[in-house]
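Hi there,

Here is the structure I promised to pass on to you. Please open it next to this email and look up each residue as you read.

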Amino acid sequence: MTALRRNNTPWHPVAAADLEWTTDHNPSSRQFDDIYYSRDGGSEESLHVFIKGNQLTDRWQKRPQSTFCIAELGFGTGLNFLLTWQAWQASPAPRPRLHYLAIEKHPLTKSDLERALAAWPDLAGAASTLLNHYPELIPGQHRVVLADGSLILDLWWEDVGAALPDLAQHGRKFVDAWYLDGFSPARNATMWSHPLFAEMARASKPGATFATFTAAGDVRRGLSAAGFEVDKMRGFGHKRECLRGQLKKTAIDTLPPGIPWDIPRVSSPPPTTALVIGAGIAGCTAAAALARRGVKVTVLEKGPVAGAASGNEQGILYTRLSRKHSTLTDFALQSFCFAHRYYGELFSAGQLIEDIDGALCGSFHPIGDPRKMGSIGELLHSIPEFARVVDAPQASQILGEESAEGGYWFPRSGWMRPPSTCRALLNSPCIELLEETGEVSLVSSPGSWSVSAGGKTLAQADCAVIATGADVAAIEELKWLPVQSIRGQTTTLPADEPMRKLQAAVCHTGYVSPARRGRLCIGA
């Protein structure tokens, strides 16, 4: 992500919104001395300006089979998102999958968000779901999967001046509609700059629309210069006018030099069918992600599901902290945050059973040298729900076991049983599983891939995903890959006293998880 490269810069949580509450219990921003929504009626203004201004209901009916992407500059209290979700749910089927992307530099804390959304009792159900999935104040992108995968919420806790150019630079046109809902241009000019409007155009599909509450002349001129046709419409409440428009001049992009290898120079239409070779955690997760998008998936496994490296009885949701940003650190933190929400949903939906298939019981990482925890411990003060420093007595109380050291406590971590998780991920009408296939061959032809074994074609599809780990070299066509196997080991032991009392996972040079059915799992 070129615009967001920050390797070796100090890591710190996102600075939350600094709110003050009016006498009528409405939030306003101290940072920008501005309100979050109209005092004349916040929900009515949002419906008028953004949903009506972008003509969403009509457009959803005209494109029922595709994905419709809305990008909001400024997430605020989440009111625009919740009202859009409500309108989308009320739209007659068939309707498109909805991808809602919002960029927010100063997100509300969860407690402030809950207080703000209490003002809208008619949105209580959706608001509760948002609160249950609301991400930590960790910088970067947070993906939330809702409505069985037909609604994707991407929350970017970033400065829009860095995140939007990063999104736009890969040459993909993906946004159908824009909500421009930053604070007033007079109070937050960086959210309304002409270069930002040009980045909007670069990321927009042909004919993309925008809507905004403001009618400021500089905003109108900037959007026009970026290629948008700008119209005035009646404002809401005491506001005489607001703006809406449509992209008429599509930005021509040339991909920058050094583009990442995984960004294709020529876009292909989305696949309708896919092959996934390998039914471990990686393959099953990929298959589930494709199935959520309506892709018909065939999963092929040479042995049983989770029969190789994903066959461990218990694995830990694990991440590492660092005082500095790096590509690996940032990826690990984002993955961890997504994982605990994702697996939590599988438990809530009854697809996994607590204490049998896993448990989000937390994990403790002992640190022998307290000096190593000092600076990071200070950074964690604002995000205790993500991680915090505990001393030895606190660790002992959390674990139900005596700990000689303090360390980091991750309350949303825990353990999962990979074979159970794989089976749950494959439980979709869009997924066909072929087990015990033996070694297979993979062959490509124009626009198609096929897998065969013993001279017999097993399956064909538009694309193929290979998720066989080190066994990738067993596929004849891929023997050229420089793959190296790395040995790992788990050991299971009877959970005798006192280890039977262990209440959370412990990760050090290895790991040990709480007992499952009377047995402990110890990992390398």
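First, some ground rules. This is a predicted model, in which local features need a pLDDT of at least 70 and side-chain atom pairs count only at pLDDT 80 or more, while totals for chains, interfaces and linings use all residues. Residues are numbered from 1 along each chain as its sequence is written, and side-chain values use heavy atoms, with hydrogens and water left out.

**A pocket**

Rolling a probe the size of a water molecule over the atoms shows where empty space is left. Here the search runs on a 1 Å grid over the protein atoms alone with a 1.4 Å probe; a pocket is an open set of points with protein on both sides within 12 Å along at least five of seven lines, and lining residues have an atom within 4 Å of a point. Points are joined across faces, edges and corners, and the volume is the space filled by probe spheres set on them.

The second largest pocket holds about 730 Å³ of space. It is lined by 40 residues, and I35, Y36, D181, G182 and F183 are the closest to its centre. At least two lining residues come from each of β3 (34–35), α1 (42–52), α3 (79–90) and β5 (97–104). Helices here are DSSP runs of H or I with at least four residues, strands are runs of E with at least two, and both are numbered from the N terminus. Helix α1 gives the most to this lining, with 4 residues.

By class, the lining has 14 nonpolar, 16 polar and 10 charged residues. In this count Ala, Val, Leu, Ile, Met, Phe, Trp, Tyr, Cys and Pro are nonpolar, Asp, Glu, Lys and Arg are charged, and the others, Gly among them, are polar.

Is S43 buried or exposed? S43 sits in helix α1 and is buried, because its relative accessible area is 11% (buried means under 20%, exposed over 50%, and partly exposed in between, with a 1.4 Å probe and protein chains only). Beyond residues up to four places away in sequence, S43 touches L79, L83 and W120; touching, or contact, means heavy atoms within 4.5 Å.

E72 belongs to strand β4 (residues 67–73) and counts as buried because its relative accessibility is 1%. Its side chain makes a polar contact of 2.6 Å with that of Y100. A polar contact is a pair of N or O atoms within 3.5 Å; within protein, one must be able to donate a hydrogen and the other to accept it, and residues adjacent in sequence count only if both atoms are side-chain atoms. Leaving aside neighbours within four places in sequence, the contacts of E72 include N80, L101 and D181.

**The cores**

A nonpolar core is a set of buried Ala, Val, Leu, Ile, Met, Phe, Trp, Tyr and Cys residues joined through side-chain atoms within 4.5 Å. The largest one has 89 residues, and I70, F75, F81, L82 and F386 have the most contacts inside it. Helix α10 (residues 327–348) supplies the largest share of this core, 8 residues. Apart from it lies another core of 33 residues, among them A71, L73, A226 and F228.

**An enclosed helix**

Helix α13 (residues 418–425) is largely enclosed by the rest of the structure, because 7 of its 8 residues are buried. Those buried residues pack against α9 (281–292), β14 (315–316), α10, β19 (415–416) and β20 (431–434).

**Backbone details**

Most residues other than glycine have a negative phi, and most peptide bonds are trans. Which bond is cis, with omega near 0°? The peptide bond from A93 to P94 is, and P94 lies in the loop between α3 and β5.

N8 has a positive phi, near 70°. N8 is in the segment before β1 (19–21) and is exposed, with a relative accessible area of 58%. D355 also has a positive phi, near 75°. D355 lies in the loop between α10 and β15 (358–359) and is partly exposed at 47%.

Happy exploring!
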